[in-house]
Amino acid sequence: MANFQQILTAELLAIPRVMPINFHPSPLPHYASLAPFYWIIRNGERQSAISVIKMDKGLDTGAIIMQRPILLTGKETSIELRTHQEQQNVLMLIDLIPLLVSGTFSYVPQDTHDRSYFGRPKAEDYLLDFTLSSREIEQHVRAAYRYPGAYFYQEDGTKFVVLSVAISSNHLGMGVPEEIKHIDERIYIAAKDEWLELITIEVDGKEVSASVLTLPDMSDESQPLAFALDDVINS
C-alpha cells in the first residue's frame, strides 16, 4: 500500500496471509507524515528514502522490512521527488515479493526516540517569508511547486504564485527583505542575505516567465514589492 492516507482498522490489518505492508516515501523514523515530499525539500535534505514497513495500528510506526536511500541533487521539486519515489516503489516491490513468498524477510522495529513527524502543510505554510535566507526561500519554492505553489501578496492584495527562483550571482549589494530591483528585464527580490531572481510564476493556471511582470515605475530600479501584470500571452 502507498499513499492511501488512512489508518486501517485492526480487522483489515489481519486480512493479509503474510502481513500488511506499506511503502512510505521517507527514511523512517524520520519524516513520518502525510506529505514528506514537501518537508524533505523545504528543509533542504540531501537524502531521502523509501521505507517498506509492516503496517500496524499507528501512523507510519511499523517495523522496517526494507529501506532504499535516494540521493537528492538539491534542485528537485517535491513533484519530481514524489515521481521518482513512486518509480522506486515498483522496483522495491519486485525485490520484495520473492522474500514475502519464501518467508525469508526480516524486519526491525523503528527507533521511536529518533522519530520526526511533519503534518500536512497548511495554507500558511506556502506563504513566502522574505526575511528568511535566500536558500530557505529557494527550497520553499521548490517544495511548494504547482500544488498549490509558494505565494506572496502584493501591496494591493493581489496574490502571486511563484514557481521558480534562482539565487542571484550578480553583486547587487545588500537589500532590505522584500525590496525589488528591475535590471536588464530581470526582477530580483531581496532575501535576508542575498537576492533572488524571479524566474517563473503561475498565471491562469499556467507556468509563465516572470518577464510578464512589470514594475509600477520602470524608471525606479529599487521599489517595494508591488508588481503589475503586463499583457500575458499564454501559448
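The model is predicted: local features need pLDDT of at least 70, side-chain atom pairs count only at pLDDT 80 or more, and totals for chains, interfaces and linings use all residues. Residues are numbered from 1 along each chain as its sequence is written, and side-chain values use heavy atoms, with hydrogens and water left out.

**Helix α4**
- Helix α4 (residues 134-143) is mostly covered, with eight of its 10 residues buried (under 20% relative accessible area, with exposed over 50% and partly exposed in between; 1.4 Å probe, protein chains only).
- Helices (H or I, at least four residues) and strands (E, at least two) are DSSP runs, numbered from the N terminus.
- The buried residues of α4 are Ser134, Ile137, Glu138, Gln139, His140, Val141, Arg142 and Ala143.
- Their cover includes α2 (36-42), α3, β4 (150-153), β5 and β8 (195-203).

**Ile79 in helix α3**
- Ile79 lies in helix α3 (residues 78-102).
- Ile79 counts as partly exposed because its relative accessibility is 31%.
- Beyond its neighbours within four places in sequence, Ile79 is in contact with Tyr145, Arg146 and Tyr147 (heavy atoms within 4.5 Å).
- The C-alpha atoms of Ile79 and Ala144 are 8.7 Å apart, although 65 residues separate the two in sequence.

**Glu178 and its loop**
- Glu178 sits in the loop between β5 (159-167) and β6 (180-183).
- With 42% relative accessibility, Glu178 counts as partly exposed.
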